[in-house]
Amino acid sequence: DTDKDGVNDKEDKCPTEAGTLSTNGCPDADKDGVSDGDDHCPLEKGIAANNGCPEKISVDGIADRFLHFKPGSAVVDRFEVIDILEPVSDKLFFDDELKLVITGHAFDEGNTEQSKALSKARAEAVKQYFVDHNVPAEKIETVFYGDMKPFTESTTDDGKKQNRRSEIYIIRK
C-alpha cells in the first residue's frame with residue numbers, strides 16, 4: 001500500500017495518491033463517492049448517476065443560469081441582474097427546500113492562481129447579490145474552478161466571453 005490509504009496496490013487504481021476504498025483507492029475531494037478522475041464536478045458533492053455532479057432542478061421554468069463578466073472583472077452587470085438573478089432570488093426566498101450553487105470560472109485571464117482568485121471573486125459577487133436581496137447565506141454554496149472547467153476551448157472573443165462566467169443552479173437541500 002504505497003500511498004497508505006488502506007487499499008492494496010494490486011487493487012488500487014491510484015496507487016501513488018491516497019484515496020478511499022469506495023473509489024478504488026483514488027482521491028475524492030468532495031467525498032461524494034465518485035473519484036476525482038471520473039468526477040465532472042470534483043469540488044461539488046454530487047451523485048454517481050450524474051457523473052459526480054449535483055442533480056440540478058428546474059423550478060417554475062427557472063433552471064441553470066449563466067452570468068458573464070468583462071475581462072478581468074468580477075462586477076455583476078445590472079442588466080444581467082434583472083434578467084437572471086431576480087427570478088432565481090424570488091424562488092429561493094420562498095422555498096426552504098431549495099439551495100443555490102454558484103460556480104465561478106475564469107479562463108485565459110492570467111496564470112492559474114490569478115484565474116482561481118478571479119473565479120472566486122466572481123462567485124462571491126453573485127452570492128453577495130443574493131444575500132443583499134434577503135436570501136440566507138446558508139442557502140448558497142460557492143465553488144471556484146479557476147481555469148479548470150472552460151465552457152469552450154475557443155480563443156475567439158465570444159469563446160473567451162463564455163468562459164468568463166458564473167454558473168448558477170438550483171438543487172434540493
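**Sheet**

I looked up V101 and found that its bridge partner in β3 is E141. The model is predicted, so local features need pLDDT of at least 70 and side-chain atom pairs pLDDT 80 or more, while totals for chains, interfaces and linings use all residues. Residues are numbered from 1 along each chain as its sequence is written, and side-chain values use heavy atoms, without hydrogens and water.

β2 (residues 98-105) and β3 pair in the parallel sense over six bridges. I took strands (E, at least two residues) and helices (H or I, at least four) as DSSP runs numbered from the N terminus; two strands pair if DSSP finds at least two bridges between them.

I read the open sheet as four strands in the order β1-β4-β2-β3, with mixed pairing. β1 (65-68) and β3 (140-146) are at the edges with a single partner strand each, so one side of each has no neighbour in the sheet.

**Core**

I noted 19 residues in the largest nonpolar core; L85, V88, L100, I102, V126, F130 and I168 touch the most other members. Such a core is a set of buried Ala, Val, Leu, Ile, Met, Phe, Trp, Tyr and Cys residues joined through side-chain atoms within 4.5 Å. α1 (78-94), β2, α2, β3 and β4 each supply at least two of its residues.

**I47**

I found I47 in the segment before β1. I47 is partly exposed at 36% relative accessible area (buried is under 20%, exposed over 50%, partly exposed in between; 1.4 Å probe, protein chains only).
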